[in-house]
Amino acid sequence: MSSNKSQIGNKMPDLSSLSEGRTKGEAVVLVFDVGKTNKKVLLFDEQYKQVYEESAQFKETVDEDGFPCEDVDALTKWVWEKFWQFTLNKEYIVRGVNFSAYGASLVHLNDYYKPFVPLYNYLKPYPEKLKKQFYDTYGGESLITKQTASPVLGSLNSGMQLYRLKYEKPKIFEQIKYSLHLPQYLSFIISKKVASDITSIGCHTNLWDFQKNKYHEWIKREKIYIKLAPIFSADKILRRNDVKTIPAGIGLHDSSAALIPYLSFFSEPFILLSTGTWSISLNPFNHQMLSDYELHHDCLCYLTYKGKPVKASRLFAGYEHEQQTKRLAAHFNKTSDYYKSIDYDATKPDTNGLSKQFQHERSSAPLQQSRFVQRDLNDFKTYEEAYYQLIADIILQQVSSTKLVLHNTPVKKIFVDGGFGKNQIFMNMLAVAFPRMEVYAARISQASAMGAALAIHKHWNKNPLPSNIIELTYYPVAHDIRSLM
């Protein structure tokens, strides 16, 4: 990785416009929301209405093995420049800044507090021999996965990235001053302060012992802990000496950040079904330890910004929907997004039959693929008929996946955000599948970024939280269908 003296911003802009007496402009909070593909910078006003959004994409670079990875230099430069662009913009008064970003990624700083190795990709294959060495040393996969609430995911367990560096590249490991998860590195760019955050540590990293509520024993034995910055509460702020008027949050893991708006406004137990490429069922009210069965079926735990465990199950449903709608479009000679024009019809025979189908299969184990993958499209007369079956098959998977984290909890509400929350057919069928639950489509502008802003509310905003941040649409179940359950 090349050295880049400007990446942390050695040249300071003129700070005169940041004086305490400045009164012109709209008061806002600045949030950087960094995804794997899209990097966003957003501004929210004091009522948490989005007043600005800008996206960027950066070409990936490669690590020393030729594997694609995030260009940390380009990302750093972008964050630095955008921060000063908005803090010096007379249209706005930036009262605070915070960060949300994808997890399982570490930026390693040397003694000069500069990134000196690539930001390794969490998709990079992990050496089987090294993985076996780790789990054999510390009690086996079953024990470690239960203690750390982290399925065996290779490089997706970010702690394993440090373990790999120690044994494969010991000279590099010795040069590491601090290893920061990506959200905390973004904060460091602005604050110049190093910190660790519980939402990043608790995200299937293998670092945290959920049973003892502290770092796992292997962190100390391998001397990993000396590379980790002090843990700060997610609602704390960091200040740099030359930007005293702008409090900076320490950053949050994006999935945990997306939960914050819901935890802020709903006290009754709920499940958040966050849908996109993955459909992730998040239950902040399930604090039971993960079982072998749950771990085997891809369950894991996150930590909220207040340090409480969130049991989660994952399903690759959005990806499968994308692949199968392409297949449907080709077979029926339709556009790839034709499904968006189909209205929900509760009188369809296949819809009324769903309740019996869900009832019959309510205890089945989660399927890795929906049954639609094996279905012959020639059996369907129309695209619409086939699409209804596709959603029904995905719903059967979703029911099994969600019930893994729903079991033995007092949850009565399901909030669905993301792509499937906008799909009328999916939402109505989900309501049929959970007839004794209240099922809502939840719409919130930029949930991860909003959560990061809310985490530091008290440091930048003197107003009470507005009540209209989350828009809910209720999906009731028709009486005739409910009676079949």
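This is a predicted model: local features need pLDDT of at least 70, side-chain atom pairs count only at pLDDT 80 or more; totals for chains, interfaces and linings use all residues.
Visitor: How many salt bridges does the structure hold?

Guide: Side chains of opposite charge can pair when their charged atoms come close. A pair is counted here when a side-chain nitrogen of Lys or Arg lies within 4 Å of a carboxyl oxygen of Asp or Glu. The number of salt bridges in the structure is 20.

Visitor: In which helix do Asp136 and Lys132 both lie?

Guide: Asp136 forms a salt bridge with Lys132, with the closest N and O atoms 2.6 Å apart. The two residues are four residues apart, about one turn of the helix. Both lie in helix 2 (residues 128-137).

Visitor: Is Lys132 buried or exposed?

Guide: A residue counts as exposed when its relative accessible area is over 50%. The relative accessibility of Lys132 is 55%, and therefore Lys132 is exposed.

Visitor: How many residues apart in sequence are the parts that Glu222 and Lys166 tie together?

Guide: Glu222 forms a salt bridge with Lys166, the closest N and O atoms being 2.8 Å apart. Glu222 lies in the loop between helix 8 (217-221) and strand 12 (231-232), whereas Lys166 lies in helix 4 (residues 158-168), so the parts tied together are 56 residues apart in sequence.

Visitor: In which strand does the salt-bridge partner of Glu294 lie?

Guide: The side chains of Glu294 and Lys311 meet in a salt bridge at 3.2 Å, N to O. Glu294 is in helix 10 (residues 292-296), and the pair ties together parts that are 17 residues apart in sequence. Glu294 and Lys311 are buried. Lys311 lies in strand 19 (residues 309-315).

Visitor: Which residues form a nonpolar patch on the surface?

Guide: Patch residues need over 30% relative accessible area. Tyr319, in helix 11 (residues 317-332), is partly exposed at 37%. The patch has about 280 Å² of accessible area together, and its residues are Trp278, Phe316 and Tyr319.

Visitor: At what angle do helix 1 and helix 6 pack?

Guide: The axes of helix 1 (residues 72-87) and helix 6 (residues 182-191) are 9 Å apart. Helix 1 is oblique to helix 6, and passes helix 6 in a right-handed crossing. The packing angle is about 50°.

Technical notes:
Residues are numbered from 1 along each chain as its sequence is written. Side-chain values use heavy atoms; hydrogens and water are left out. Patches are made of residues with over 30% relative accessible area and no salt bridge: like charges are joined within 9 Å, nonpolar side chains (Val, Leu, Ile, Met, Phe, Trp, Tyr) within 5 Å. Accessible areas come from the Shrake-Rupley method with a 1.4 Å probe; for residues, only the protein chains shown count as cover. Buried means under 20% relative accessible area, exposed over 50%, partly exposed in between (1.4 Å probe, protein chains only). Axes are lines fitted to C-alpha atoms, for helices over the stretch in contact, and angles run from 0 to 180 degrees between N-to-C directions. Angles under 35 degrees count as roughly parallel, over 145 as roughly antiparallel, 65 to 115 as roughly perpendicular and the rest as oblique. A crossing is left-handed if the near helix is turned anticlockwise from the far one by less than a right angle, and right-handed if clockwise.
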